[in-house]
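These are my notebook entries on a structure that I have just opened.

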Amino acid sequence: MDNLSDTLKKLKITAVDRTEDSLEGCLDCLLQALAQNNLETSEKIQGSGILQLFASLLIPQSSCTAKVAHVIAEVAKNEFMRTPCVDAGLISPLVQLLHSKDQEVLLQTGRALGNICYDSHSLQAQLINMGVIPTLVKLLGIHCQNSALTEMCLVAFGNLAELESSKEQFASTNIAEELVKLFKKQIEHDKKEMIFEVLAPLAENDAIKLQLVEAGLVECLLEIVQQKVDSDKEDDIAELKTASDLMVLLLLGDESMQKLFEGGKGNVFQRVLSWIPSYNHQLQLAGALAIANFARNDGNCIHMVDNGIVEKLMDLLDRHVEDGNVTVQHAALSALRNLAIPVVNKAKMLSAGVTEAVLKFLKSEMPPVQFKLLGTLRMLIDAQAEAAEQLGKNVKLVERLVEWCEAKDHAGVMGESNRLLSALIRHSKSKDVIKTIVQSGGIKHLVTMATSEHVIMQNEALVALALIAALELVTAEKDLESAKLVQILHRLLADDRSAPEIKYNSMVLICALLGSESLHKEVQDLSFLDVVSKLRSHENKSVAQQASLTEQRLTVES
């Protein structure tokens with residue numbers, strides 16, 4: 001190590017004189033010392049103050065430039081050396097060197113920048129602002145034969161792509177084309193994996209999704225799936241998963257999804273369809289998720305339902321009822337829920353037996369599955385009176401809904417259960433359904449739902465409660481009383497923050513409750529007249545009119 005101290009002294013002198021031969025000798029000694037003991041050598045380099053001189057040595061014309069960059073790359077492997085490298089002003093000259101034509105200079109420069117900025121979002125953001133992304137993409141295109149340089153570019157892309165600010169810059173380059181070209185040439189699993197690691201964060205950006213689709217990535221992914229589907233080798237299974245996951249990610253963009261759907265006639269759509277009946281769980285999952293993504297607009301949904309997708313998804317669900325794969329259940333239910341959104345699909349799906357298929361999962365204890373099951377049923381019965389009545393009289397279902405209305409740990413399941421309870425009443429307008437819900441203890445949940453922070457849920461609850469009061473007041477009277485409905489309505493009317501439709505529906509409900517003696521008494525005791533008469537001058541015409549009507553009713557009935 002004494003030798004090292006001499007080298008550092010000599011280096012200080014030669015760095016100023018710029019005698020290239022002795023400079024190269026010193027750098028070779030440093031690289032040797034770093035190879036033997038990086039930590040100790042780096043500490044010595046930091047103590048010597050030599051880093052400050054390196055900035056002036058990073059010049060394109062010098063034959064030693066690659067070695068200087070190499071030394072920086074080695075010392076910057078240590079976390080404690082990164083800030084000193086930044087303070088020594090090394091980033092700017094290193095970035096300039098990325099325009100060099102010398103492949104060794106490029107490789108060591110890329111390594112040095114990568115190590116200095118490793119794990120530092122602020123330094124990576126600085127590199128992005130200095131324009132390194134277009135430069136590196138160009139390098140990848142020019143030096144695609146040099147595997148070390150290619151790898152350096154991929155590592156850099158992987159790090160930079162994690163930053164949101166990089167996506168726009170990447171989108172303005174031809175990165176998609178370069179990566180797909182590179183991907184097609186790869187045989188080794190590790191190399192493909194490196195490219196996948198760059199593609200995944202980039203494909204989160206919608207513009208880049210479309211570029212990747214146009215560059216032919218999808219065809220590569222489908223080929224991988226075809227090659228690996230029957231393999232039980234660990235690498236192949238991993239590659240199949242990555243390829244099918246990436247395929248689903250590409251379908252999350254509206255433009256890329258429509259491009260691949262091609263009116264339901266596209267090769268990609270047809271291939272994805274064939275994944276659903278596959279025996280491979282990963283492909284079943286990707287297939288169902290892809291269908292859920294294709295089902296993001298009405299036209300696609302109508303086309304798919306008319307062409308038999310529902311039966312395929314029901315068969316898939318059937319294979320996963322007993323001890324099934326939860327992610328596959330969740331994905332298939334997501335697809336069915338989306339397909340049930342267009343009005344014309346509801347009756348077709350109901351007659352295909354979707355409700356029966358979905359109800360098999362009522363016993364599931366998995367919140368994600370419960371959530372999608374509830375959403376699917378709610379979509380199916382929207383404006384379908386007969387189906388709503390049939391489901392609303394299903395005691396097992398209603399009891400399970402009431403149980404899930406108390407799932408405090410799972411807000412999504414709790415919210416969807418409440419919304420389905422309300423929907424069963426609103427769409428069936430059936431006395432039998434109301435009786436089933438009263439007997440199962442569902443009334444208190446609908447009353448609580450009227451106080452939800454979401455206006456849409458408050459509204460759905462109030463409309464359902466008004467139907468209960470109009471159709472089965474006697475049956476529900478006690479439950480409405482113990483749930484303190486009248487007090488809640490008073491609060492909603494008195495609160496200036498309540499939305500106009502909430503005030504309107506609260507008054508409609510008050511009028512309906514007057515038919516019950518005990519509830520009528522509660523209304524009288526709470527001086528509703530004061531609150532209602534104030535609403536006669538409400539800026540919303542419907543609210544003001546309803547306030548006048550309600551005031552008349554309250555005056556007549558008092």
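**Entry 1. Terms and conventions**

I take helices (H or I, at least four residues) and strands (E, at least two) as DSSP runs, numbered from the N terminus. The model is predicted, so I note that local features need pLDDT of at least 70 and side-chain atom pairs count only at pLDDT 80 or more, while totals for chains, interfaces and linings use all residues. Residues are numbered from 1 along each chain as its sequence is written, and side-chain values use heavy atoms, with hydrogens and water left out.

**Entry 2. Lys-191**

I looked up Lys-191 and found it in helix H14 (residues 189-202). Is Lys-191 buried or exposed? I use "buried" for under 20% relative accessible area, "exposed" for over 50% and "partly exposed" for values in between (1.4 Å probe, protein chains only). Lys-191 has 19% relative accessibility and therefore counts as buried. I then listed its contacts, where contact means heavy atoms within 4.5 Å. With neighbours within four places in sequence left aside, Lys-191 is in contact with Ser-147, Glu-151 and Gln-186.

**Entry 3. Helices H15 and H18**

I record that two packed helices are described by the angle between their axes and the distance between the axes. The axes are lines fitted to C-alpha atoms, for helices over the stretch in contact, and the angles run from 0 to 180 degrees between N-to-C directions. Helix H15 (residues 206-214) packs with H18 at an angle of about 25°, and the axes are 7 Å apart. For angles, under 35 degrees counts as roughly parallel, over 145 as roughly antiparallel, 65 to 115 as roughly perpendicular and the rest as oblique. H15 and H18 are therefore roughly parallel to each other. On the H15 side I find Lys-209, Leu-210, Val-213 and Glu-214, which meet Glu-255, Ser-256, Lys-259 and Leu-260 of H18.

**Entry 4. Aromatic rings**

I count rings of Phe, Tyr and Trp (its six-membered ring) as a pair if their centres lie within 6.5 Å; planes under 30 degrees apart are stacked, over 60 edge-to-face and the rest tilted. How many aromatic pairs does a search of the whole structure find? The search finds 5 aromatic pairs. One of them joins Phe-261 and Phe-269, an edge-to-face pair with 4.8 Å centre to centre and 65° between the planes. Phe-261 and Phe-269 are both buried. A tilted pair is formed by Phe-261 and Phe-294, at 5.4 Å centre to centre and 45° between the planes. Phe-261 lies in helix H18 (residues 254-261) and Phe-294 in helix H20 (residues 281-294), so this pair ties together parts that are 33 residues apart in sequence. I note that Phe-294, like Phe-261, is buried.

The charged end of Arg-319 sits over the ring of Tyr-279, 5.2 Å from its centre.

Glu-262 is in the loop between H18 and helix H19 (267-275). Its phi is near 45°, a positive value in a residue other than glycine. Glu-262 counts as partly exposed, at 49% relative accessibility.

Gly-287 is in helix H20 and is buried, with a relative accessible area of 0%. Residues up to four places away in sequence not counted, Gly-287 touches Val-272, Trp-275 and Ile-276.

**Entry 5. His-445**

I found His-445 in helix H31 (residues 443-449). His-445 is buried, with a relative accessible area of 8%. Not counting residues up to four places away in sequence, His-445 touches Val-402, Cys-405, Glu-406 and Asn-418.

Which residues of helix H35 (residues 517-525) are buried? They are Leu-519, His-520, Glu-522 and Val-523. These cover an arc of only 160° around the axis, which puts them on the same side of H35; the arc is that of the directions from the helix axis to the C-beta atoms. The buried residues of H35 pack against helix H32 (455-482), helix H33 (485-494), helix H34 (500-513), helix H36 (528-534) and helix H37 (541-557). Exposed Glu-517 and Asp-525 are carried on the face of H35 turned away from its buried side.

Ser-527 is in the loop between H35 and H36. Its phi is positive, about 45°, although Ser-527 is not a glycine. Ser-527 is partly exposed, with a relative accessible area of 38%.

How values were computed:
A charge sits over a ring if NZ of Lys or CZ of Arg is within 6 Å of the ring centre and within 35 degrees of the ring normal.
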